[in-house]
Amino acid sequence: MPEQSPTPKRRRRGRLFRFSSALVVLLAVAGYLVVQYVTGGRGGPGCKVVSGKDDGQEYEFTQEQAMNAATIAAVGTGRGMPERAVTIALATALQESQLVNIKHGDLDSLGLFQQRPSQGWGTKKEILDPTYAAGVFYEHLSKVSDYQKLPLTVAAQRVQRSGYPEAYAKHEADATLLSAALTGQAAATLTCQGLPDTTRTATGPDAVRTALVRDFGREVLKETGAEVTGESVSGATSKSKTKTKATPTPSASATGGKSTVTLPVRSGSTRTGWQLAHWAVANSSELHIERVSYAGREWAAGSANDPWHSTRTQAAGGVRIVTEEQAGQ
């Protein structure tokens, strides 16, 4: 029996199937390219935190997530909250937003913690500010009686009032790793690729200082002081050794070159030093930070999968941050 020719209806179905298949492939390729762009083209998420106990635990995440996590940790310690509070906050943000500052959610929920303007958490603009969102979370957490002794999911739920109260528990292990690194408890455990975010225009010492104040509070520069050196493209060096005020002041760095911000760390404050060092790594993409060194160890941009290596070229007793100056600043 001769084979029948496809009917017009069958031909349309065939074309629709081929078009759908091509669209799926195109979307997959586009998704892959987006991931490659975001992660620096290396197929990885951009940042990694490992356990300081050599037990093989690790968590991989994006530079955006790292920056938001560092803000949450800095706000917590800036308020004098214990590491447990930071762990609870990070686990909550992992569940609510995956540490991404999203502008949508259930009903009018927004931001890292999916807080609702209609429930008195603040205005939309405030909630979409990670520093504010973290601060108001800690404000509510501090009112939970004995929250440090409660199971993480119970403490988080008493703040969030979520419809899925058990969901926070699954993020506790990852949040614990992040908290240990970002509060400085675990040394040299956070790395990022640190590829520069070309959409950002604020770089150099002033941008570093502004970001420090944004996350840690206005007292951070009073406590650490700062020494700034600027190296021009030709290699000439200028120095400014005056202590900064709480409000960031212009630096003496050279236009178009590289500048170094050194944050002195008092003797016996190693944990503070590692928090500042890890914070700088987490913010390296946004602030165009090329190298961070502290306590004989150094991180360099482009080394997300490499551990902090030993170095002798650092300011004694301080966190040394080398940042790129954009031309025209």
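**View 1. Buried residues of helix H5 in a predicted model.** Pro130, Thr131, Ala133, Ala134, Gly135, Val136, Phe137, Tyr138 and Leu141 of H5 are buried (under 20% relative accessible area, 1.4 Å probe, protein chains only). Residues are numbered from 1 along each chain as its sequence is written. Local features need pLDDT of at least 70, side-chain atom pairs count only at pLDDT 80 or more, totals for chains, interfaces and linings use all residues, and side-chain values use heavy atoms, without hydrogens and water.

**View 2. Packing of H3 (residues 83–97) and H5 (residues 130–141).** The two helices pack at an angle of about 120°, with axes 11 Å apart (axes are lines fitted to C-alpha atoms over the stretch in contact; angles run from 0 to 180 degrees between N-to-C directions). Ala85, Val86, Ile88, Ala89 and Thr92 of H3 meet Phe137, Tyr138 and Leu141 of H5.

**View 3. Surroundings of H3.** H3 is largely enclosed by the rest of the structure, because 11 of its 15 residues are buried. Among them are Thr87, Leu90, Ala91 and Ser97. The buried residues of H3 pack against strand S2 (58–61), H2, H5, H6 and helix H7 (172–182); a strand is a DSSP run of E, at least two residues. Just after H3, glutamine 98 takes a positive phi of about 55°.

How values were computed:
Helices (H or I, at least four residues) and strands (E, at least two) are DSSP runs, numbered from the N terminus. Contact means heavy atoms within 4.5 Å. Buried means under 20% relative accessible area, exposed over 50%, partly exposed in between (1.4 Å probe, protein chains only).
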